[in-house]
Amino acid sequence: MKPEILLIEPMMPEVEAQLDAAYRVHRLFQAKDPAALVAEIAPAVRGIATGGAHGVANNVFDALPNLEIIAINGIGTDAVDLERARARGVRVTTTPGVLIDDVADLALGLMLAVSRRICVADRFAREGRWPHAHLPLSAKVSGKRLGVFGLGHVGRAIARRAEGFGMPIAYSERHPVEVAYRFVPQLDELARDSDFLVVAANAGPETHGIVNRQVLDALGPQGVLINVARGSIVDEEALVAALVEGRLGGAGLDVFAHEPNVPEALWKMDNVVLLPHQASATVETRRAMADLVLANLAAHFSGKELPTPVV
Ligand code: 8YV
């Protein structure tokens with residue numbers, strides 16, 4: 001008998017086919033009445049595969065008495081209650097190592113897109129406006145000051161790329177790290193000294209809303225905020241207000257506080273670039289992430305050591 005698993009968000013079709021071959025897969029994202037599906041299958045479910053942003057809601061977690069493993073297709077664990085998992089003896093795995101390049105690439109892409117107004121210029125060309133008008137000049141990226149909030153694997157990969165753009169680099173972290181970049185413990189101080197502030201920190205109670213009005217004002221009317229981590233780290237209301245009132249120069253956002261909802265006040269702004277959580281969304285990386293999800297589930301259900309556990 002195949003073990004039964006709950007799939008919370010879609011994965012690549014070939015990956016879902018591999019899951020179907022090994023497990024009886026219940027798809028929460030396809031359920032007309034998700035609560036009814038969970039209630040119906042609850043006793044049978046032994047595993048969950050989910051994304052970093054969706055994680056597992058505690059009411060779903062609590063409804064599954066025989067849950068053994070949660071395989072996160074991502075590196076963020078903020079949407080899974082790890083204490084609850086520990087208390088219940090439920091294993092949790094992530095996909096470390098394989099998505100760092102893509103997230104760092106996209107952070108640089110957002111910096112370029114916002115400052116060089118790539119999307120604005122693209123719209124200008126497509127709308128046939130080139131023969132009739134001039135685009136205003138944009139802002140240079142190379143040589144500008146970069147502040148990285150969170151110097152983990154992703155933060156470092158962003159900094160390494162920024163070195164190639166000749167950017168002076170500083171960072172905020174709980175503790176100084178063995179790197180050549182300047183350590184600035186206070187986030188508002190880092191923002192004050194940066195042209196770009198890139199959020200690459202872990203989400204959780206410690207960082208919830210930490211990029212607040214004070215930090216955004218310190219970044220200022222010429223500064224650009226980039227977020228490739230989690231929407232919860234930024235006080236989104238304060239961000240929208242800072243952009244609307246011109247107190248912040250621009251923003252490149254891949255993540256939002258209430259995904260999939262993007263604040264409507266930002267839709268028409270030319271100084272912001274808005275992406276629907278795309279940082280790890282390449283064929284190569286999603287394949288590598290899925291391989292880890294599959295490997296963790298397979299190891300668990302055959303009694304082997306988990307390749308990439310966090311709990
Ligand atoms: C993915 C993520 O987009 O790694 C994470 O924590 O949020 C992203 O890489 C997500 O996990 C897939 O849904």
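Start with the aromatic pairs: this predicted model holds two of them.

Select Y23 and F301. Their rings form a tilted pair, 5.6 Å centre to centre with 55° between the planes. Y23 sits in the loop between helix 1 (13-22) and strand 2 (24-27), while F301 belongs to helix 11 (residues 283-301), so the pair ties together parts that are 278 residues apart in sequence. Colour Y23 by accessibility: its relative accessible area is 6%, and because buried means under 20%, Y23 counts as buried.

Next, select Y171 and F183. The ring centres are 5.4 Å apart and the planes meet at 45°, so this pair is tilted. Y171 is in strand 7 (residues 169-172) and F183 in strand 8 (residues 182-183), so the pair ties together parts that are 12 residues apart in sequence. Which of these two residues is buried, and which is partly exposed? Y171 is buried, at 1% relative accessible area, whereas F183 is partly exposed, at 26%.

Now zoom out and show the protein chain as a cartoon. There are 11 helices and 12 strands to find. The radius of gyration is 21 Å, close to the 19 Å that the globule rule gives for 311 residues, so the chain is as compact as a globular protein of that length. Along the principal axes, the C-alpha atoms fill a box of roughly 65 × 50 × 30 Å.

Finish with the surface. The accessible surface is about 15,200 Å², and carbon and sulfur atoms account for 53% of that. Of the 311 residues, 49% are buried. Colouring by charge shows 30 positive and 37 negative charges, whose mean positions are 3 Å apart.

How values were computed:
Residues are numbered from 1 along each chain as its sequence is written. This is a predicted model: local features need pLDDT of at least 70, side-chain atom pairs count only at pLDDT 80 or more; totals for chains, interfaces and linings use all residues. Side-chain values use heavy atoms; hydrogens and water are left out. Helices (H or I, at least four residues) and strands (E, at least two) are DSSP runs, numbered from the N terminus. The radius of gyration is taken over C-alpha atoms; the globule rule is 2.2 Å times the number of residues to the power 0.38. Buried means under 20% relative accessible area, exposed over 50%, partly exposed in between (1.4 Å probe, protein chains only). Accessible areas come from the Shrake-Rupley method with a 1.4 Å probe; for residues, only the protein chains shown count as cover. Lys and Arg count as positive and Asp and Glu as negative; His and the chain ends are not counted. The place of a charge is taken as NZ of Lys, CZ of Arg, CG of Asp or CD of Glu. Rings of Phe, Tyr and Trp (its six-membered ring) pair if their centres lie within 6.5 Å; planes under 30 degrees apart count as stacked, over 60 as edge-to-face and the rest as tilted.
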